[in-house]
Amino acid sequence: MENFRKVRTSEEESPLPFPDLPPGVVEMKVKEGSKIRNLMGFAMAQMELKGSRQIVFSGCGRAVTKTITCVEIMKRKLGGLHQVTKVRYKTLLEVWENKDPLPGSAAQRLTVHKNVPSICILLSRDPLDPTQTGYQPPEAQGLCGLPAGNAGSRQRSCPR
């Protein structure tokens with residue numbers, strides 16, 4: 001592959017893995033180069049200012065961890081959100097071209113199909129079916145507004 005350079009990468013479109021989503025639900029497609037600040041600014045505006053009830057975050061490959069980070073930030077900021085997580089594989093198509101084609105001949109191209117891990121996370125203000133795979137209920141709030149499991153792990157005191 002050292003004689004080839006990547007020309008284009010595209011992912012095959014696939015429907016969201018959540019049946020019965022309302023029309024117009026906001027989907028945040030997280031990419032490897034996306035800035036968390038930009039993603040969160042838009043997502044928070046949709047949930048707080050526009051009053052969206054549900055939002056979907058999706059990412060694949062090296063964007064999976066950034067997708068999870070965005071979801072965790074939103075859950076901490078808004079609170080009371082139900083979550084359903086679906087993990088699957090997506091196919092990426094990479095097109096590679098010969099760096100030094102022979103004079104007078106067309107550039108040689110290769111198409112590579114890559115299966116990469118992908119994650120889709122639905123956050124909802126409304127209750128979701130707790131029996132579906134990947135469901136997480138909203139976190140119970142503990143002392144000082146911290147999640148119940150972390151209340152004792154912080155070293156600062158509660159404001160009175």
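1. The buried side of helix α2. In this predicted model the buried residues of α2 are Val64, Thr67, Cys70, Val71, Met74 and Lys75; buried means under 20% relative accessible area, exposed over 50%, and partly exposed in between, with a 1.4 Å probe and protein chains only. They span an arc of only 130 degrees around the axis, which puts them on the same side of α2; the arc is that of the directions from the helix axis to the C-beta atoms. As a reminder, an α-helix has 3.6 residues a turn, so residues three or four places apart point the same way.

2. The other face, and the end. Turned away from the buried side of α2 are the exposed residues Thr65 and Lys77. Just after α2 comes Gly79, with a positive phi of about 70 degrees.

3. Helix length. α2 runs over residues 64–78, 15 residues in all, and reaches 21 Å from its first C-alpha to its last, close to the 21 Å expected at 1.5 Å a residue. That expected span is 1.5 Å times one less than the number of residues. Helices (H or I, at least four residues) and strands (E, at least two) are DSSP runs, numbered from the N terminus.

4. What sits over α2. The cover on its buried residues includes β2 (26–30), α1 (36–49), β3 (54–60), β4 (82–98), β5 (109–124) and β6 (135–136).

5. A look at Val64. This α2 residue counts as buried because its relative accessibility is 17%. Apart from neighbours within four places in sequence, Val64 is in contact with Gly59, Pro117, Ser118 and Ile119, where contact means heavy atoms within 4.5 Å. Val64 and Ile119 are 55 residues apart along the chain, yet their C-alpha atoms are separated by 6.3 Å.

6. Strand β3. Seven of the seven residues of β3 are buried, so this strand is largely enclosed by the rest of the structure. Gln54, Val56, Ser58 and Cys60 point one way, Ile55, Phe57 and Gly59 the other.

7. Partners of β3. With β2 it pairs in the parallel sense over five bridges, and Val30 stands opposite Gly59. With β5, β3 pairs in the antiparallel sense over seven bridges, and here Phe57 stands opposite Ile121. Two strands pair if DSSP finds at least two bridges between them.

8. Ground rules. Residues are numbered from 1 along each chain as its sequence is written. In this predicted model, local features need pLDDT of at least 70 and side-chain atom pairs count only at pLDDT 80 or more, while totals for chains, interfaces and linings use all residues, and side-chain values use heavy atoms, with hydrogens and water left out.
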